[in-house]
Structures are given as C-alpha cells and as structure tokens.
Amino acid sequence: MTSVLNPAKTAEARVVLLPHVSWGTYERLLTDLSDYSVPHLTYDQGKLEIMSPTAKHEKVNRSIELLVRNTALEMNIEVASLGSTTFRREDIARGFEPDSCFYVQNEPAIRGKLALDLLVDPPPDIVFEDITSSSINKRALLAHFAVPEVWCYDDESIEILNLVNGAYVKSERSSVLPCLTAKALTDFIAESLTLSGLEWMKKVRDWARQQKAAE
C-alpha cells in the first residue's frame, strides 16, 4: 500500500512512501531522475520515500549553504558543498539525498572527484536534514552511513547531533565547525526568513569575522 503524507499544498511538502521497492527499481528511478533536482529519494531496506520540497524548505537549504560557505571563508577553512548528492550503498540497501551536505575534515579525500563510492570514499562530515516531513527515520539511516554530524531542522530550531558509538548524541556545538552552535544556526536561519538577502549576508559575514578575531 502507498502512503501519502502531507498531500499537495502550497505550504507543505508532498511526501509519498512506497513499501516493498526493490533495489533495482530504486536505481532505475535514480537514473531516470538524474537530470532533475527534485524530487528527493530516500531508500531504506525496501521503503522508498519520494519528497517534493516546498519553497521554504529550499530557502532554508540555500541559507544553510551560504552560512557554512561564508563562515568557512572567513575562518579560512576548506569546505566542499555537495548539496543533495545521491549517496547509496547496495550492501546495506540504503540510499539518501540530503537537503544539504558538506565535506570539511574529509574535503581533501574527495577533492577533484566527480563521482563518489561510499565503499571507498568517506561520507559527508555534515548532513543537514529538514525532518518535519520525512516518514523515514533519517537519524538511524544516516548512522548506517557513519555520517559524523547531522543538523536536524524541525521548522523552528536546529539540533546538532554527533555520532558516538553508532548512535547520535545531542551537542550544543558543531564538532566539525566549532564556531557554529545550535543556537547560532537556529537564530541565523530564523533571520534568513525575515531579513533581506543582503542584510542577512552582511550579518553572517560580520559574525564570522568576529569569531575569527576571537580565536
């Protein structure tokens, strides 16, 4: 039976959950949709979630990317943003397309690569996920990929989770980008929804410069 969550509305994501989907079907869908940025597919041992994001969802994603990029620039830290790149492993029958993801500590390991194989290459250091609409336990799924840090957004605040002994533990501060706290992330994302883009960007860069000066 197909489950449809949050039926099509202008303010809500459309999420469809399909059970009993084979790995082959999942891979064929990835191939057919490879030229499109949406929908996002998540595969978890036979369950396939198909999600079409909302305008707010995408605005928050872009803000997270700009926040990380500009903070890293001011802090003189190398960061590779891979957006919603598809990550999958047939051996564990799981795959995901994050809302946003970043390589920081492992950036040298993937530099220059145009395709990644998670049997060989490391997972992203940070994955950002809007968990408000998902019908799959993203935390458990990401733990199977050994993603070191996950930022979960629940439509109001961001929670930072670090992988410890196979499970995620809440933290007030990023272990990958220590200048970023859960409060700073939450405040900046809230402001990105109300301020003009230019005003918001100036606040981010001024704040990042202050963090660099305080080192």
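Author: Let us begin with lysine 138, which is found in helix H4 (residues 138-144); helices (H or I, at least four residues) and strands (E, at least two) are DSSP runs, numbered from the N terminus. The model is a predicted one, in which local features need pLDDT of at least 70 and side-chain atom pairs count only at pLDDT 80 or more, while totals for chains, interfaces and linings use all residues. Residues are numbered from 1 along each chain as its sequence is written, and side-chain values use heavy atoms, with hydrogens and water left out.

Lysine 138 counts as buried, at 10% relative accessibility. Here buried means under 20% relative accessible area, exposed means over 50%, and partly exposed lies in between (1.4 Å probe, protein chains only). Neighbours within four places in sequence aside, lysine 138 is in contact with Thr42, Glu49 and Glu129, where contact means heavy atoms within 4.5 Å. With glutamate 129, the side chain of lysine 138 forms a polar contact of 3.2 Å. Such a contact is a pair of N or O atoms within 3.5 Å; within protein, one must be able to donate a hydrogen and the other to accept it, and residues adjacent in sequence count only if both atoms are side-chain atoms.

From here we turn to helix H1. Strand S3 (40-44) and strand S4 (47-52) are among the elements that cover the buried residues of H1. Those buried residues are Trp23, Tyr26 and Leu30. Seen down the axis of H1, they fall within an arc of 60°, so they line one face of the helix; the arc is that of the directions from the helix axis to the C-beta atoms. Arg28, Thr31 and Asp32 are exposed on the other side of H1. Threonine 25 also lies in this helix, which spans residues 23-32, and is partly exposed at a relative accessible area of 29%. Its side chain makes a polar contact of 3.2 Å with that of arginine 28.

Charged pairs come next. Side chains of opposite charge can pair when their charged atoms come close. A search of the whole structure finds 19 salt bridges, each being a side-chain nitrogen of Lys or Arg within 4 Å of a carboxyl oxygen of Asp or Glu. In helix H2, arginine 62 and glutamate 65 are 3 residues apart, about one turn of the helix, and their side chains meet in a salt bridge of 3.7 Å, N to O. Arginine 62 is partly exposed, at 35% relative accessible area, whereas glutamate 65 counts as buried at 19%. Both belong to a network of salt bridges that links Glu58, Arg62, Glu65 and Arg69.

Another salt bridge, of 3.0 Å from N to O, joins the side chains of glutamate 191 and lysine 203. Glutamate 191 lies in helix H5 (residues 182-192) and lysine 203 in helix H6 (residues 197-213), so the pair ties together parts that are 12 residues apart in sequence. Both partners are partly exposed, glutamate 191 at 23% relative accessibility and lysine 203 at 35%.

Finally, the cysteines: the structure holds 0 disulfides, a disulfide being a pair of cysteine sulfur atoms within 2.5 Å. The sulfur of cysteine 152 is 14 Å from the closest cysteine sulfur, in cysteine 101, which is too far for a bond.
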